[in-house]
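Subject: Structure for you to look at

Hello,

Here is the structure I promised to pass on. Please open it first, then read the notes below.

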Number of protein chains: 2
Amino acid sequence: MTTPAIQATNGGSRSLQALSRYAPSLIWLRHYRRADLPGDVMAGLIVAIMLVPQGMAYAILAGLPPQVGLYASILPLIVYGLLGTSRALAVGPVAIVSLLVASAVGPLAGGDAALYLQLALTLALLSGVIQVGMGLLRLGFLVNFLSHPVLSGFTSAAAIVIGFSQVKTLLGIRLPSSDGFFQSVALTFEHVGETQPVTLAIGLFSIALLFYFRGGLGKHLRRLGLPAPLVTIATKSGPLVVAALGTLLVALLDLNERAGVGIVGDVPAGLPPLSLPSFAPDVLTALLPAALTISLVGYMESISVAKALASKRRQKVDADQELIALGAANLAAAFSSGYPVTGGFSRSSVNFSAGANSGLASIITAGLIALTVLLLTPTFYYLPNTVLAAIIIVAVIGLIDLHTLRHVWRYNKADAASLLVTFAAVLTLGVDVGILVGVAASIALYLWRTSRPHMAVVGRVGDSEHFRNVQRHDVQTCPHVVAVRVDESLYFANTAYLESRLLGMVAERPEVRHLLLICGAVNFIDASALETLEAMLQELRDAGADLWLAEVKGPVMDRLLAIGFIDKLGHDHVFLSTHQAMNALVCV
Amino acid sequence: MTTPAIQATNGGSRSLQALSRYAPSLIWLRHYRRADLPGDVMAGLIVAIMLVPQGMAYAILAGLPPQVGLYASILPLIVYGLLGTSRALAVGPVAIVSLLVASAVGPLAGGDAALYLQLALTLALLSGVIQVGMGLLRLGFLVNFLSHPVLSGFTSAAAIVIGFSQVKTLLGIRLPSSDGFFQSVALTFEHVGETQPVTLAIGLFSIALLFYFRGGLGKHLRRLGLPAPLVTIATKSGPLVVAALGTLLVALLDLNERAGVGIVGDVPAGLPPLSLPSFAPDVLTALLPAALTISLVGYMESISVAKALASKRRQKVDADQELIALGAANLAAAFSSGYPVTGGFSRSSVNFSAGANSGLASIITAGLIALTVLLLTPTFYYLPNTVLAAIIIVAVIGLIDLHTLRHVWRYNKADAASLLVTFAAVLTLGVDVGILVGVAASIALYLWRTSRPHMAVVGRVGDSEHFRNVQRHDVQTCPHVVAVRVDESLYFANTAYLESRLLGMVAERPEVRHLLLICGAVNFIDASALETLEAMLQELRDAGADLWLAEVKGPVMDRLLAIGFIDKLGHDHVFLSTHQAMNALVCV
């Protein structure tokens, strides 16, 4: 269970050990084994093959020029490779973060392309600062408020929004800007008659080919006896192949001029220029909510992938260091003409199964992307937009997660409700507000659940020392004692419910003289609940009954003693076990 | 413990019984005992004596003409008397609700007095609709989210805001409108040089006299041998006496003209005219948040007083019917030229101790106020504003609640924090936002607490079947088993913490082969936690250890079985008790 990273430092100096907490690469660089190199090179190459077309496609999804997606795939990847604790995470532009960028920057930029770019850089800056800050303050646990059902509902809805946003490009139609998902659907249907048939045909053919690369191709190649590494490269090069085919087709047949097929056009050559995000306070304030969402959602996606992959090889990732590494990658993006990045699911899985053994794989990917922007940008001129749309659509279809909905629905309707609320809120209110609504709904459902705690009247099982719910078990009870197990901590939201239920139980049965509260599941009693207990004690005694406690936990008892409640109750009114209490109340 | 109201219906018909659920007066009217009459008359009279000056003062605090406070003390009181279940609650204008009205209506009215009045009526309408609706839907429990510390912090801060708002009137200075509490304090200090000495003298004298009525007067009168009822009337007539003295002084010495003492001026005579609140959707939308706050805060104040007084006489109040009664009183205010009302603390206590036995006391008070507006309004002409300010200041000083702060601080720092946050937020951000911040803070602190659950490694106490925390008790443990009691339900906010703590415990001790999770305090496991458990099971088994459960509660077990987790874990891996589990894991 110890992490190999820590094992490896056993021989190292103490200061190096301390430093390597923040730069795990110091360990793998010193101890790099030649045997790991082929895996790293192979993984770096395959991820680069996927990332070139995906990076451009996601940048366009984010409303940015295509080269920005490539720029965001160079320096950030090197930084993550040096600082990250996951050996397989592939950082870079991803679909959902791109959508979040578009929805945050779009309304503020007002059609000004230079401003748009600067706002995207500023988002990367802010997200980076937030993530590094949270990592240093060890606040990684905050992402836990994004519950699994909320994240699933959010991802599915975002995938639908993203997928649908590409339909117009696939059809080759132009739409006026729309306000919200449903309006954009309506507009698309309204303009569907303007579809450009050649554009649509290229798009649909690309989709079909991409699905073939994902599915049948691997089987066919293996049947032909191709070695496994080549099969992997081949199956993962679907986006590259459709991009190349589409480009050739448009260039050779001059489909841009003759059939109106939209193309990427000029992509500047050369390494990413240094860039400066905005530091204006009003810009930072306006982007802060979106930056928070991007840092949390991005981190959540990244850490879940990293954890899942690490556990397959019995490795561990450090949640706080991952925040620092991702934040640093975002800061790198902010100053090298990129936009917010994170660890994506599909490329990381490919990186892992292609054999990535260390951060070197990331660095190799970055090197290949750098070569691409230096040498290959002229070849992107005729790349049709409809092909990029096809790449995005195929990538996000897999994110629509019906499995979790079915699973959660069977397990627990409250969790299913928070999933569906998030899903509906993202579609109707937008991605940024939607996820907030989801988090609020999951918290509200949790509070609702704890505000009406389960209470069980219990009785003795046979002659044993065990006491169980009278409604679920055949147990012995005693007419003048009602023993109630309260299955929840007592706090402000459930204290009135508790009081009325307990007093009701006593009021219904005039023969009851003792109310025994079994507190084994009461983990704390807050000030509001303490006040209710004091009031209840008075009311019970006024009514000729008495209050007794059993199984009070140590920390809870300490507080009740310190505040003087036990003095009011009577020190002989508290029992270690229900068994002892029931013996004392003469119900043997 | 049964309510006398229900006992009294034993002879009545079924339909009457059903009807009397919503109109408890049907019972006390039919069964009214002559012996109850003197108490009701006496209480009705004393409350009226207090209410005439207080009603006018609170209306002015709310930014309304003084007669509105009297109008709000007629029909609403009759309605509450007929529908309420408390026998002692005195409904009418109160300080905090008046402040909430001023802070909600002020910014919307923009200095237009007629609009101001209509908006206040609309607030009463909305609050009434919300309260009646919540009562009918039995949503009274929602007020529980106003925890005791939040309410205490809110009340103290509101009392300070209210008290300070009267200082300018006490000094006789005029201030430009200010933005927030601290600015109004600054402005007051800036203009303190313009103080009108005669106004201040009358105000300070009134304050001194009011404190004497509250304190020394009762003792002196009892020493003189005055009968108790007369002493009660005398001590509670402080506001009336200072109002009368102030009025006489100003009228006789012409202090309004000669010393610039501000006076109430013309108060129209006659019963309240019928009134119509606004039903315009945009007005309703704008006032909705404030109406929600007023209905919840007003109800909370009202129900706490009603409960406290009822329990002193072994009576009970019905929380949902109280909402309906208060809501109906507010609806009555909305259509009879009033403004939002609620059951106030001080007048209700007076009503109770003066002997109110039924809703008749309220109806008598209303009758006396009606006579006042019919006959006595000309006498209010020379009533000095500084006297009304003095009445308010003395009334709210008692609301500043340091006792709860001290008590809660000793008991629990988290509760103390939510009290102080609410207090600070009300002073800095205003009453309406402040209380929301307080509620949010108390929820956040609760989530924070449950997100880092207490976990105890337990061992066997002697040879018993009991297991206790190894850090608090001298217990036996077994090297290859770690038995952990988790003192919290497992849900999204604590699942990552749980996983890292538990896996950490196993990782630290390589000899551990069994992790036993004692779930006696786990009241539910949500979908996120289920997923974590599944991942943990896999990780533990990968590491050569195994997971076992004990004391799983019935409802939790049902779900784990249904979703197939127990199949993965192994049905023999779940034990009824820790004792059985430890025996099976060979640690006898």
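**Helix α23 of chain B**

The buried residues of α23(B) pack against α26 (527-542) of chain A, and also against α9 (148-165), α11 (181-190), α22 (402-411) and α24 (431-451) of chain B. This is a predicted model, in which local features need pLDDT of at least 70, side-chain atom pairs count only at pLDDT 80 or more, and totals for chains, interfaces and linings use all residues. Residues are numbered from 1 along each chain as its sequence is written, and chains are lettered from A and ligands numbered from 1 in the order in which they are written.

Helices are DSSP runs of H or I with at least four residues, numbered from the N terminus. Buried means that 20 or more other C-beta atoms, placed from the backbone, lie within 10 Å of the residue's own. Among the buried residues of α23(B) are B:L419, B:F423 and B:L427. Just after this helix, B:G430 has a positive phi of about 100°.

**The two chains**

In all, 54 residues of chain B are in contact with 53 residues of chain A (C-beta atoms, placed from the backbone, within 7 Å). Elements giving two or more residues to this side of chain B include α25 (495-508) and α27 (554-562).

Of the contact residues of chain B, 98% recur in chain A.

Regards

Key
Two residues are in contact if their C-beta atoms, placed from the backbone, lie within 7 Å. A residue is buried if 20 or more other C-beta atoms lie within 10 Å of its own, exposed if 12 or fewer, and partly exposed in between; C-beta atoms are placed from the backbone.
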